[in-house]
Amino acid sequence: MKITTTRRLGHYLALGAASSLFACAVNAQTLGSNLAVTGPSAGADGSGFSDTKLVRDANTATYTQASGTSNQRVSVKWGSAINFNTVILRESGSTVTNWQLVNNDTGAVLATGTGIGAARTVNLGNVSMKKLNLVVSGSSPLRMAEIEVYNATGTASSVPASSVAPSSVPASSVAPSSIPSSSSRSSIASSIAPSSVAPSSVPASSKSSSSVGSSSGTISAACIQLATNPSVNWRDTALQTDQEIVECLSKTLGKPVGYGENAKGGFDPNGNSKLTVITKNSSKSVEQQLLEAISGEAHNWIVFDKIQFAQPHEIGMYRLGCSNPTVQSILGATEAECVNYTQWCAKNGVSSANCVTQFFNSAMNKSNNPIRNPVIGSNKTIDGRGSEAYFLFSGFAIGKDSTGTPTQTANSVILTHLNFKGAGHTEDHYCDPDMIRSTGASKDIWIHKNTFDTTGDSAFDVKVGAHNVTMSFNRVVNVKRATLHGSSDSHTIDKQITTTMHNNAFVTTDDSYMLLGNTLRRVPLLRHGKTHMFNNVFVNYRNQILSLRVGASAFMEDSVFVVNAIHQEKSTAQLSLAEISANLFKDISGGSFRNDRNLLWFGDAACNLTASTQTALTATNGTVADLSANYSSASRATINSWRFAAGQDLVDYVSATAGKYGQIPYNSPLAGDKYYVLGLGKVPCQIR
């Protein structure tokens with residue numbers, strides 16, 4: 001379950017794709033003269049490049065070539081400082097993999113990115129300097145044709161960072177609306193992929209004028225930097241008020257689609273948003289800070305201090321109960337030994353290898369243990385972006401049900417970019433270690449881009465009439481019963497359950513296949529209510545994906561089921577596929593099931609599908625309407641424009657985007673389009 005430093009850095013570089021100093025295209029803006037040619041005493045030099053004058057000769061047929069492939073510099077310079085705002089980079093060929101633009105006068109990194117190709121346009125905002133450095137790395141030969149510098153005038157219309165680099169995707173594969181209409185040299189007409197900004201590359205004081213347009217208004221450069229750069233802390237940009245920061249985080253996260261489309265979480269459009277930053281230097285524990293922040297009905301967007309939580313930090317919400325004498329009696333422990341379970345293990349002679357399992361699943365698993373998941377109130381967001389905090393053993397309840405306590409309904413809740421790690425598979429645990437439970441008729445809930453690994457019970461449950469819930473782009477790994485929808489046949493309130501599950505990765509890893517493969521099921525177990533599932537990917541699942549009871553309705557479409565061929569238990573592949581196909585939907589007789597365009601394959605460990613094994617899944621029961629008709633026109637438009645057919649592209653896109661550490665998905669205006677994401681290279685489907 002360890003996340004390597006390399007992977008975290010790769011994640012942040014990907015998030016930096018939409019950093020404040022990003023490459024963007026400017027449509028119908030007058031460039032004027034190329035200052036690399038016409039500026040005062042214009043010249044060029046370099047380190048590792050020969051004939052550097054060729055980058056400013058206004059001739060794209062000539063080029064300067066680097067002698068090496070790492071950190072090669074070529075520069076344009078002037079006799080006195082000049083003002084400019086736009087740079088066009090032109091490569092001869094396409095071998096540059098990483099680049100930086102640096103103010104030689106100050107050493108400040110102005111922008112970074114991946115790939116240049118025929119034309120890469122970078123809007124820097126207003127800058128001034130005597131020398132501009134371009135530093136590139138890649139494969140041989142590294143050749144730069146031109147560095148063009150302009151002080152453009154007129155109103156810029158920024159293309160979102162999701163535009164695709166012309167060098168990486170054929171023009172015919174990009175939607176017409178994504179490419180500016182003008183291609184003249186008097187306007188910048190390249191459609192550019194996002195640049196990747198390294199965590200340390202953009203000074204916190206940068207105030208670039210770059211921005212991205214979105215359906216909810218312009219997203220400023222400061223906002224993009226705040227949302228994507230892990231080195232820029234929450235109050236380190238021009239955005240200072242809670243309302244400004246929360247609005248930024250809401251915009252950059254984007255909007256849910258489906259039944260949960262009205263979830264706004266801690267953002268209040270009327271101006272009452274509060275930002276709570278969880279820190280390690282408070283007089284209160286991290287767990288206590290979280291409890292106070294999630295309580296009540298006031299709007300609260302909760303984040304973790306980026307610097308203090310830059311390294312993995314374990315959060316155990318169970319610790320809120322360690323002061324309870326009953327808990328201490330059950331454990332035979334002091335409060336300190338309960339809070340730090342390694343002390344309990346040392347005291348009781350439990351090895352470090354078995355410590356977590358023994359403490360949580362044996363010592364804590366007692367019928368009189370009062371510990372339960374803390375309850376989230378209305379109008380809350382817990383946002384893990386920029387943080388390495390993770391939750392161990394259990395998580396949160398959204399609202400309360402009526403069992404033993406008054407019902408408490410929580411409306412408008414978002415949980416995003418969180419990492420949940422279970423303590424092992426102990427189902428029906430007395431402490432009920434669900435990671436997220438929506439209950440008590442709560443509504444308008446978005447569970448988005450979280451990672452759930454080997455949780456004791458469910459990843460995300462929906463109970464006691466909770467409704468209007470969207471679960472998107474989550475990565476669920478080795479979880480036996482991922483999502484329960486309705487906990488009792490007698491709860492007729494569950495008729496109002498409505499959920500949308502899309503672009504989630506449900507994974508049984510190869511090493512756990514024999515242990516878990518026959519029991520990983522119930523995605524979901526649904527009673528009474530309705531669920532719409534589309535574009536999900538199931539890896540190594542082969543038994544009772546759905547369990548429908550007491551009149552439940554499920555509509556599943558355009559999803560992929562892939563089983564690693566090494567797990568074939570019979571000599572004839574088609575027979576094995578037929579057996580899996582029959583078992584996947586054999587528990588649907590208690591409800592209605594619509595099954596549209598869902599396909600099964602054998603593949604390899606990285607989920608490369610074996611085309612010859614494609615098998616249509618045909619089981620149905622009763623009649624189910626198109627549940628997406630219940631969504632707003634905006635949701636339907638987004639879904640339709642991003643719908644994947646069941647196949648390899650869907651597997652690769654979900655593998656690349658699902659979970660806390662995935663690429664920015666299409667809900668966000670900062671996302672790259674599918675060609676950009678797929679062009680970044682394959683992400684193994686079983687990665688944790």
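Tutor: Strand 3 (residues 72-91) is largely enclosed by the rest of the structure, because 14 of its 20 residues are buried. Buried means under 20% relative accessible area, whereas exposed means over 50% and partly exposed lies in between, with a 1.4 Å probe and protein chains only. Helices (H or I, at least four residues) and strands (E, at least two) are DSSP runs, numbered from the N terminus. The model is a predicted one, in which local features need pLDDT of at least 70 and side-chain atom pairs count only at pLDDT 80 or more, while totals for chains, interfaces and linings use all residues. Residues are numbered from 1 along each chain as its sequence is written, and side-chain values use heavy atoms, with hydrogens and water left out.

The partners of strand 3 come next. Two strands pair if DSSP finds at least two bridges between them. Strand 3 pairs with strand 1 (residues 43-47) in the antiparallel sense over five bridges, and D45 is found opposite S75 of strand 3. Strand 6 (residues 120-138) is joined to strand 3 by 13 bridges, and the two run antiparallel; here R73 faces V135 in strand 6. With strand 7 (residues 143-150), strand 3 makes six bridges, again in the antiparallel sense, and I88 stands opposite E148.

The loop between strand 6 and strand 7 contains P141. The peptide bond that leads from S140 to P141 is cis, with an omega near -5°. Most residues other than glycine have a negative phi, and most peptide bonds are trans.

H528, in the loop between strand 28 and strand 29 (530-534), has a positive phi of about 70° although it is not a glycine. Its relative accessible area of 11% means that H528 is buried. H417 also has a positive phi, near 55°, and belongs to the loop between strand 17 (411-416) and strand 18. Since its relative accessibility is 6%, H417 counts as buried.

Rings of Phe, Tyr and Trp (its six-membered ring) pair if their centres lie within 6.5 Å; planes under 30 degrees apart count as stacked, over 60 as edge-to-face and the rest as tilted. By this rule there are 24 aromatic pairs. One of them is the stacked pair of F420 and F452, at 5.1 Å centre to centre and with 5° between the planes. F420 lies in strand 18 (residues 419-421) and F452 in strand 21 (residues 451-453), so the pair ties together parts that are 32 residues apart in sequence. F420 and F452 are both buried. Elsewhere, Y318, Y341, W344, F359, F360 and F393 form one aromatic cluster.

Finally, helix 5 (residues 286-294) deserves attention. Its buried residues are V286, E287, Q289, L290, A293 and I294. They cover an arc of only 160° around the axis, which puts them on the same side of helix 5; the arc is that of the directions from the helix axis to the C-beta atoms. After helix 5 comes G296, with a positive phi near 85°.
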